[in-house]
Amino acid sequence: MTTKVKAAIIGSGNIGTDLLYKALRSEIVEPVWMVGIDPESEGLRRAEELGLKTTFEGVKGLEPHIQADRVQIAWDATSAYVHRSNNDLVSKFGVRMVDLTPAAIGPFCVPPVNLEEMVGRGEQNVNMVTCGGQATIPMVAAVSRVQPVDYGEIIATVSSRSAGPGTRKNIDEFTRTTAKGVEVVGGAKRGKAIIIINPAEPPLIMRDTIHCLTADAPKQQEIIESAQRMVAEVQKYVPGYTLKNGPVFDGNRVSFFMEVEGLGDFLPKYAGNLDIMTAAGLRTAELIAEEIRRAEAA
Amino acid sequence: MNLEGKKVILHDMSLRDGMHPQRHQLTTDQMVQVATALDEAGVPLIEVTHGDGLGGASVNYGFPAATDEEYLRAVVPKMKNAKISALLLPGIGTVDHLRMAHDCGVHTIRVATHCTEADVSEQHIILGAKMEMDTVGFLMMAHMISPEELLEQAKLMQGYGANCLYITDSAGYMLPDHVTARVGLLREKLSADVEVGFHGHHNLHMGIANSLAAIEAGAGRIDGSVAGMGAGAGNTPLEVFVAVLHRMGVETGVDMWKLMDVAEDIVYPLMTHKVRADRDSLTLGYAGVYSSFLLHAKRAADKYGLKSTDILVELGRMKTVGGQEDMIEDVALDMKKAGAAE
């Protein structure tokens with residue numbers, strides 16, 4: 001039996017904890033460290049109970065153990081502000097980074113669209129765009145792989161309870177990074193992203209609307225088929241990813257209305273926005289782990 | 001009600017909120033013409049942008065006839081006394097838009113969030129205040145929460161550096177008592193040097209009554225719109241409001257006669273949609289739905305063979321908030337499916 005590739009989770013908040021629950025089920029990645037900055041952190045306590053080593057001294061606290069514990073992959077679930085220094089510290093040891101913050105110092109990775117390409121290139125750092133990006137960029141790509149898309153626009157609506165302080169403090173980072181992802185990964189010539197936070201109780205399930213303006217008249221049947229294949233791809237790691245309505249064709253506009261229900265691992269099911277992020281982060285790490293194993297076997 | 005001797009700053013919305021009934025198609029020439037006439041009439045503050053604020057140009061809200069920057073660069077230099085304001089909804093516009101607006105000579109930035117989500121405005125309010133702009137926090141759909149909850153959110157914005165806080169009745173749902181309670185509590189509890197404002201919609205024709213209640217409760221700034229041109233049944237019709245204020249002895253600095261000419265001779269003739277309390281606008285006010293949804297719901301109703309009032313009531317039941325225009329077609333498609341299933 002081969003051993004699993006060891007990984008560290010940086011950030012002991014909601015995202016880090018949900019990621020931990022998912023990663024514990026992985027057959028190829030094994031989370032061994034959870035890194036926080038607050039000794040009172042609930043997330044660290046929980047990680048400890050689940051058998052992980054923990055530190056509340058940030059990545060500096062992890063650094064002396066990286067080699068001894070053979071940590072080869074790290075997820076950063078902190079914030080864009082500290083991501084660069086986190087990455088600098090772990091990359092010295094050759095650790096591969098999956099960045100769940102919107103810092104975007106590495107190339108964007110949206111698993112059903114470009115994961116294999118990213119991992120194949122051996123990138124040290126890949127960025128998971130944003131939750132809204134993970135939920136919408138696949139559908140932009142589903143259109144752009146059929147025909148050129150002049151403009152892609154996404155509207156992500158999340159429940160108030162699932163929008164954490166990081167997102168709130170720097171909401172512009174979300175709109176900018178997502179819009180760029182719509183272009184770079186989605187394949188739209190121009191991208192725009194809008195985020196809406198809705199406080200309704202009970203909390204609403206994450207909703208996403210995707211509008212594409214195609215350069216020429218949309219090839220309807222091909223787009224419908226491409227979209228169905230793409231939804232099935234995303235459903236492999238986020239089963240609650242559903243095309244609720246659409247595609248609507250209106251002139252050159254192609255619109256999809258999506259709903260994203262989470263698995264409810266640590267975060268509630270309505271927080272599909274966070275779930276799709278952690279699920280995509282895990283999927284990315286698993287592919288990196290396979291690559292590391294192949295390299296080691298060779 | 002005795003408001004004798006009070007002073008109030010009137011803020012015209014026709015070139016921003018009025019973009020909704022105009023489907024964001026006002027031209028730069030029209031903007032300049034209206035703004036110049038408002039300036040001439042003594043209106044001290046005039047808002048200019050896409051209806052959904054800076055960066056609102058989109059499939060979701062509609063593409064405007066010109067960019068925010070084109071509108072602002074055309075209008076700002078023409079103002080003799082009036083100052084220009086711009087609206088910014090975090091999540092739609094960014095600090096880049098704010099910097100652009102500042103560079104265009106915009107005097108007042110109004111950072112708008114849903115009434116429970118003030119903390120998304122932190123970076124924008126901080127920057128506005130840092131650039132020494134008149135920086136306003138704008139709490140939308142303020143009917144949805146209690147005065148105490150609103151105060152908590154207003155204090156967040158005050159803490160980021162807003163020098164004025166608005167109670168915004170985006171749905172035109174409030175009645176005067178609601179306004180009195182909300183404005184009154186903010187006036188009592190916020191710093192004395194922070195102004196309080198009120199933005200009304202005329203969906204239940206309460207714009208004037210609500211604005212008077214706001215002044216009585218301590219508001220120093222009131223939004224209105226010449227000829228009432230705004231989303232839903234429009235904003236508080238400014239020329240009518242000025243007439244009432246002058247009768248009551250409130251100082252506005254506005255020339256009522258000139259303002260009624262702006263309404264009659266310039267704004268009414270350019271309206272492409274008759275702004276009035278039609279059944280849809282009335283439904284907005286009655287059900288507490290974001291006023292900008294009006295024309296989007298009418299379009300979806302036409303396209304899918306539904307009643308627009310049904311769509312609006314459903315959006316209210318779902319507790320949608322400002323900016324969720326994308327839900328309108330989605331809801332219409334759901335209703336059509338449900339109808340077909342029956």
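In which sense do strand E2 (residues 29-35) of chain A and strand E3(A) pair, and over how many bridges? In this predicted model, the two strands run parallel to each other and are joined over 3 bridges, with Val35(A) standing opposite Thr55(A) of E3(A). Strands of a sheet pair through backbone hydrogen bonds, either parallel or antiparallel.

The pair belongs to an open sheet of chain A in which 6 strands follow the order E3-E2-E1-E4-E5-E6, with parallel pairing. Strand E3 (53-55) and strand E6 (125-127) of chain A each have a single partner strand, so they form the edges of the sheet and leave one side of each without a neighbour in it. From one strand to the next, the twist averages 25°.

Chain A also holds an open sheet of 5 strands, whose order is E8-E7-E9-E11-E10 and whose pairing is mixed. Here the edges are taken by strand E8 (188-198) and strand E10 (240-250) of chain A, each of which pairs on one side only, while neighbouring strands of the sheet are turned against each other by 15° on average, when direction is ignored. An antiparallel part of this sheet is found where E10(A) meets strand E11 (residues 253-261) of chain A, the two being joined by 8 bridges; in this pairing, Asp250(A) has Arg253(A) of E11(A) as its bridge partner.

Helix H8 (residues 171-184) of chain A touches strand E7 (149-159) and E8 of chain A, and the direction of the helix makes about 145° with that of E8(A). Helix H9 (residues 220-235) of chain A, in turn, touches E10 and E11 of chain A, and its direction makes about 165° with that of E10(A).

A contact between two helices of chain A can be followed residue by residue. The axes of helix H6 (residues 131-144) and helix H10 (residues 272-297) of chain A come within 7 Å and cross at roughly 80°, and H6(A) and H10(A) are therefore roughly perpendicular to each other. On the side of H6(A), the contact is made by Cys131(A), Gly132(A), Gln134(A) and Ala135(A), and on the side of H10(A) by Asn273(A), Leu274(A), Ile276(A), Met277(A) and Ala280(A). Of the residues in this contact, 6 are nonpolar and 3 are polar, with no charged residue taking part.

Taken as a whole, chain A has 10 helices and 11 strands, and its C-alpha trace spans about 60 × 50 × 30 Å along its principal axes. A compact globule of 298 residues would have a radius of gyration near 19 Å, and because chain A has 19 Å, it agrees with that expectation. Buried residues make up 58% of the 298 residues in chain A, and among the contacts in chain A with a separation of 6 or more, 69% come from residues 24 or more positions apart.

In chain B, helix H7 (residues 207-216) is mostly covered, since 7 of its 10 residues are buried. These are Gly207(B), Asn210(B), Ser211(B), Leu212(B), Ala213(B), Ala214(B) and Ile215(B). H7(B) is followed by Gly218(B), which has a positive phi near 115°.

Definitions and conventions:
Residues are numbered from 1 along each chain as its sequence is written. Chains are lettered from A and ligands numbered from 1 in the order in which they are written. This is a predicted model: local features need pLDDT of at least 70, side-chain atom pairs count only at pLDDT 80 or more; totals for chains, interfaces and linings use all residues. A residue is buried if 20 or more other C-beta atoms lie within 10 Å of its own, exposed if 12 or fewer, and partly exposed in between; C-beta atoms are placed from the backbone. Helices (H or I, at least four residues) and strands (E, at least two) are DSSP runs, numbered from the N terminus. Two strands pair if DSSP finds at least two bridges between them. Axes are lines fitted to C-alpha atoms, for helices over the stretch in contact, and angles run from 0 to 180 degrees between N-to-C directions. Angles under 35 degrees count as roughly parallel, over 145 as roughly antiparallel, 65 to 115 as roughly perpendicular and the rest as oblique. Two residues are in contact if their C-beta atoms, placed from the backbone, lie within 7 Å. Ala, Val, Leu, Ile, Met, Phe, Trp, Tyr, Cys and Pro count as nonpolar, Asp, Glu, Lys and Arg as charged, and the others, Gly among them, as polar. The radius of gyration is taken over C-alpha atoms; the globule rule is 2.2 Å times the number of residues to the power 0.38.
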